[in-house]
Amino acid sequence: MGFTDEVEIALDEVVAAMPGGGEARSGQRVMARAVAETITQGGHLVVQAGTGTGKTLAYLLAAAMSGRKTVVATYTKALQDQMVEADLPMVGRHIRSSTGRDFSFAVVKGWSNYLCLERVDEVRTSMRQGQLDGMVEQASGEEVDRVMAWAETTRTGDRGDLDFDPAPSTWGALSVSSDECLGPSDCPFAGSCFPLMARRRAAEADVTVANHALYAIDLAIGGFVLGDHDLVVLDEAHQLEESFTEAFGFRLTGGRLRWLANLAVRVLGRDDRVEKVRELGDRLVADMRNHGAAPVHTGEAAGLNETLGLAESRIEALLAAVVGAADGEEELTRRRKRLIRSGRSLLEDIQTARLHLNGPSALDLVAWIEMEDGRQPILKVVPVEVGPVLEENLWARRTAILTSATLPMNIVDRLGLTGFDLRTENVGSPFDYEQQTLLYCAGHLASPTSDRDTWMAGALDELQALIVAAGGRTLALFTSYDAVDQAREHLRDRLDLPLLVQGDRPPKMLLEEFTAI
């Protein structure tokens, strides 16, 4: 009996052992066989597996039984949580019971998703000395205290394990990005560093779960985050091009300049060079608002380019002052090193953006400004295409399984898969959508383009009526956080039903409550 047959038999056994019992769906069997054959024969597989297929179990079981070191990259944290809490433990139980072989898995997130113990220590020291740490000034004191208390007991340091959803300013004061991290050689807490421990667990695990952005970063830096692996499964693959493109690029905001100034205050004090960098944060925001939400073309953003030029020279002056400062106590030295790392990273991004804005260059980039209601504008700079990077760093090096419920027609060309040994499958969906779904369009509402306020008021009234008609049991999706906030205010006192809103609690807790209602 070959490996493919073994996987299909195991799939039937695992599904039958689920609570309430069951049997594998036909599309799930086809997909499991296709994944197993691709693992055995090599090449790549692109498989469209409709909603309800059970694709996650199909590829996880085949990957786990193969014994190959595997990375699974997803777009959403919800799918990661599902795998880590349900699917992978189930697969592990089957592997151990049927073969006696041990099976392990781990989840790895971006650096800033973890608590920084060095920052926690720095904040505690400031509190003991009666000095307010500059990075905590904008944060909620109550939330900071809750996170600091949690730091004493958490084993993961993972923000997702908190029992509340801290404001960005709170979490940002107690975590660091990879650019700000002091590194194992300089950090006194390297031995208990949460993101480092997560990466060590991943290096030893049979299956590592990550997101698209982290996987893209890992490709860009040569595999130093996720380590060597034989197989990658790219789930929610319809988002791959967008998420990889963003990960290979960068963002410039007024907040990054103000953040650097806040870091610098803790080293240089109220120095004029610090304030000159801070004031450019507001100026950059104004320039982006004046430009508007649109592509940024060479020669059409003179004000923006001028501000970035000033930022470049002022950051260079700031870093020169920091590098030339005399050594002090250990904590001040650590602050200085973090400031230098952060400043150089921001400086590099600004210089790259200016190369694009100043005229044609060897950099094949595109830039645009995004603005959401109530949020700060963002200048995004990304590569025009990601295919060439993936050809060299991914498709030529390991077997890949790409899957999603819906896949773009041109995904093979867009991702640079043309010319590689490739198999495609479409296993459909077990659901009969024509008989099991209803599409309702509220055509009587005002047009959102002509009068958005009137349309929004009508849409929320319509949503309220539909929720009441359904007796609750409703998942409402919105295109912006501003719309979510409006819906919360509109529905809160009008419904005699539980109302769960993104942002009120961590996403994981919200999903658990929603499924339990």
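Tutor: Helix axes here are lines fitted to C-alpha atoms over the stretch in contact, and angles run from 0 to 180 degrees between N-to-C directions. Helices (H or I, at least four residues) and strands (E, at least two) are DSSP runs, numbered from the N terminus. The model is predicted: local features need pLDDT of at least 70, side-chain atom pairs count only at pLDDT 80 or more, and totals for chains, interfaces and linings use all residues. Residues are numbered from 1 along each chain as its sequence is written, and side-chain values use heavy atoms, with hydrogens and water left out.

Student: How is the packing of α11 and α14 read, and at what angle do they pack?

Tutor: Two packed helices are described by the angle between their axes and the distance between the axes. For α11 (residues 254-268) and α14 (residues 330-357), the angle is about 155 degrees and the axes are 9 Å apart. That makes α11 roughly antiparallel to α14; the classes are roughly parallel under 35 degrees, roughly antiparallel over 145, roughly perpendicular from 65 to 115, and oblique for the rest.

Student: Is the crossing of α11 and α14 left-handed or right-handed?

Tutor: A crossing is left-handed if the near helix is turned anticlockwise from the far one by less than a right angle, and right-handed if clockwise. The α11 and α14 crossing is left-handed. Contact means heavy atoms within 4.5 Å, and the residues making it include L257, L260 and R266 of α11 and R335, L339 and D349 of α14.

Student: Which angle do α3 and α4 cross at?

Tutor: Roughly 50 degrees, for α3 (residues 55-66) and α4 (residues 77-99), whose axes come within 10 Å. That makes α3 oblique to α4. Here the crossing is right-handed.

Student: How many disulfides are there?

Tutor: A disulfide is a pair of cysteine sulfur atoms within 2.5 Å, and the count is zero. For C116, the nearest cysteine sulfur, that of C187, is 6.0 Å away. The sulfur of C193 has its closest cysteine sulfur in C181, 5.8 Å off, which is too far for a bond.

Student: Where is E236, and what is its phi?

Tutor: Most residues other than glycine have a negative phi. E236 has a positive phi of about 50 degrees and lies in the loop between β5 (231-234) and α10 (240-248). R473, in the loop between α18 (452-470) and α19 (481-491), also has a positive phi, about 45 degrees.

Student: Are E236 and R473 buried or exposed?

Tutor: Buried means under 20% relative accessible area, exposed over 50%, and partly exposed in between (1.4 Å probe, protein chains only). E236 is buried at 15%, whereas R473 is exposed at 76%.
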